[in-house]
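Please look through the sequence and the model shown here, with an eye to the aromatic rings and to a few side chains elsewhere.

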Amino acid sequence: MDSAASPSQAPHRAGFACFVGRPNAGKSTLTNALVGTKVAITSNRPQTTRHTVRGIVHRPDAQLVLVDTPGLHKPRTLLGERLNDVVRTTWAEVDVIGFCLPADQKLGPGDKFIAKELAGIKKTPKIAIVTKTDLVDSKQLAEQLIAIDQLAVELGFEWQTIVPVSAVGDKQVSLLADLIAPLLPESPPLYPEGDLTDEPEQVMVAELIREAALEGVRDELPHSIAVVVEEMLPREDRPANKPLLDIHANVYIERPSQKGIIIGPKGARLKEVGMKSRKHIEALLGTPVYLDLHVKVAKDWQRDPKQLRKLGF
C-alpha cells in the first residue's frame with residue numbers, strides 16, 4: 001500500500017461552511033443532524049434563527065465549522081435589513097456554501113433571489129442540498145434535482161454537487177460531511193475537540209427559552225418574542241457535587257395584549273415554557289438549573305434601533 005495514501009498522511013482540513021436558503025428550508029435541522037447535538041434552534045415556524053450559531057463537526061480528517069445564517073428574505077423591517085446584512089457578510093467569509101432547497105416545494109421567487117445573490121459570490125464552492133427528501137417520491141425528487149441544476153445554468157454558475165438529504169431520517173447526512181470536508185482549506189483544527197459551538201452560553205440559553213416560548217403560540221407572535229438572559233450565577237452554599245445554576249431571563253414582547261398569550265390561563269403557558277426550556281438548558285450545560293422567567297413589554301422593539309441594540313441585534 002502506498003504510504004502517501006494512508007489516512008494518517010492526508011492533510012487535515014478545517015474551515016467554515018454555511019447553509020443558506022429560504023426561511024424554513026431545513027437549515028437548522030441539518031446543522032443539528034451533522035453536529036449530532038441540538039445546537040441551532042429548530043422550530044417549525046420560519047425566521048427563528050437570529051444568531052450566527054456555529055455547530056462544529058469533528059472528524060479524524062477534518063473539522064467543519066457550521067455557521068447558521070438567518071434565512072435571507074426581502075426585508076420589511078429594520079430587523080429584517082440587519083439580518084440580511086449578517087447573511088451577506090457571512091457568505092463572503094466562509095469556505096463552502098450549502099444552499100438548502102426543500103424537496104417538497106417547487107423553486108420559487110425566494111429561491112431565485114438567493115441563487116442570484118450566490119451567483120455573485122464567485123470564488124466560494126456552492127453545494128445544493130435538497131432537504132426533506134423523506135416527504136416526496138422518487139419522481140418528484142428527480143424533477144426537483146433537474147430544476148435545481150437548471151437554476152445554476154440559467155444564472156451562469158455551477159454547483160460543486162447536488163445532494164439529496166433527509167436530516168430526519170439521517171439519510172446521507174454523513175455523506176454531506178464527506179462531500180464538504182475536501183472543499184475546506186488545509187488547516188489544523190480551529191476548535192478544541194470537545195467544543196460543539198462557540199456561541200456564548202448565555203445566547204444559547206436565551207435561544208432555547210425563545211424556542212420553547214414560540215412553540216405553542218403558532219401564528220400569534222412569530223417575531224414578537226425576544227429573550228434576554230439577565231444573569232447566570234452558580235447558587236452559593238451548594239456542595240460541589242450538587243451544583244445549581246440560577247438563570248434569570250426576561251421574555252420581551254411588543255404589546256401588552258400579547259402578555260396574556262405568553263403567560264396563559266393562570267400562568268400555565270409560562271410554566272410549560274419554563275419546564276421545556278429548562279430540560280434543554282440542563283442538557284446543554286450539564287448542570288441542574290433554576291430558571292426564573294419574567295414577561296416584559298418592550299414596545300415595538302423590532303422597529304426601534306435602541307431597543308434592537310439592547311436586545312442584542
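Both F157 and W159 are buried, a word used for residues under 20% relative accessible area, with exposed meaning over 50% and partly exposed the range in between (1.4 Å probe, protein chains only). This is a predicted model, in which local features need pLDDT of at least 70 and side-chain atom pairs count only at pLDDT 80 or more, while totals for chains, interfaces and linings use all residues. Residues are numbered from 1 along each chain as its sequence is written, and side-chain values use heavy atoms, leaving out hydrogens and water.

A search of the whole structure finds two aromatic pairs, where rings of Phe, Tyr and Trp (its six-membered ring) pair if their centres lie within 6.5 Å, and planes under 30 degrees apart count as stacked, over 60 as edge-to-face and the rest as tilted. F99 and W159 form a tilted pair, 6.0 Å from centre to centre and with 45° between the planes. Because F99 lies in strand β4 (residues 96-102) and W159 in the loop between α4 (138-155) and β6 (161-164), this pair ties together parts that are 60 residues apart in sequence; helices (H or I, at least four residues) and strands (E, at least two) are DSSP runs, numbered from the N terminus. F99 and W159 are both buried. The rings of F157 and W159 have centres 5.0 Å apart and planes at 80°, so that pair is edge-to-face. Through these ring pairs, F99, F157 and W159 are linked into a cluster.

Elsewhere, S166 lies in the loop between β6 and α5 (173-180), and with 1% relative accessibility S166 counts as buried.
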